[in-house]
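Thanks, everyone, for making the time. I would like to walk through one model this morning, beginning with a single side chain and then widening out to the chain around it.

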Amino acid sequence: VMGGTDQILAKFKLAADASENINISKIVLNDLVSSVATGTLKNLKLYVDSALVTGSQAVNFSADYATTTYAVFDGISLTIPKNSNKILVVKGDVNTYDLGGTSGSTHELSVYPTYDGTNEPITAVGASSGLSIATGYLDIGGTTDAQVRGNTMTVYKTKITVDYAAD
């Protein structure tokens, strides 16, 4: 609903294999939107184990493209312990109609293999080795460089009216 704050927009599972802990410093999320609705979601934050991992600075989606935008969470400090996983929760605010929200717009948050056509959506290194996990080794969606999508959400402008009932 438009005007909602701190709404859960998507959840993604991040997993490390048995080799070593993985340190993540950057995550980029895409929003596949309908009909130029890039101003609808704002103040995005990432949480793991109910703890804010993006700091107090909220991130907004870019308005670079009409139906695909991306948000860059840079400078985060997140460790995925070896042989385990963490659930990444994306929260954000839904703009009101007056502030640029689009009623009836659809949104589908995703981790897209090359969010801008070139760069990987996650910057990660092995905690012990210091080796970067790059193209071909970053498995998204269980296979190398697949896309992982959250559920499609539709945003609506709603209003409740309360009036006196004499009967």
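**A histidine and its polar partners**

Let me start with the side chain of H107, which makes a polar contact of 2.9 Å with the side chain of D31. Please keep in mind throughout that this is a predicted model, so that every distance I quote is computed from predicted coordinates. A second polar contact, also given as 2.9 Å, joins the side chain of H107 to that of S105.

Where does H107 sit in the secondary structure? It belongs to strand β7, which covers residues 106-111. And is H107 buried or exposed? With a relative accessible area of 1%, H107 counts as buried, because the cut-off for that class is under 20%.

Turning now to the chain as a whole, the secondary structure consists of 12 strands and 0 helices, and of its 167 residues 39% count as buried. If we take the contacts with a separation of 6 or more, 80% of them are between residues 24 or more positions apart. The accessible surface comes to about 9,300 Å², and carbon and sulfur atoms account for 48% of that.

Finally, a word on confidence, which I would like us to keep beside everything above. The mean pLDDT of the chain is 80, with 83% of the residues scoring at least 70. Confidence is highest in strand β4, residues 51-52, at a mean of 92, and lowest in strand β10, residues 143-144, where the mean is 54.

Conventions. Residues are numbered from 1 along each chain as its sequence is written. Side-chain values use heavy atoms; hydrogens and water are left out. Helices (H or I, at least four residues) and strands (E, at least two) are DSSP runs, numbered from the N terminus. Buried means under 20% relative accessible area, exposed over 50%, partly exposed in between (1.4 Å probe, protein chains only). A polar contact is a pair of N or O atoms within 3.5 Å; within protein, one must be able to donate a hydrogen and the other to accept it, and residues adjacent in sequence count only if both atoms are side-chain atoms. Contact means heavy atoms within 4.5 Å. Accessible areas come from the Shrake-Rupley method with a 1.4 Å probe; for residues, only the protein chains shown count as cover. pLDDT is the predictor's confidence in each residue, from 0 to 100.
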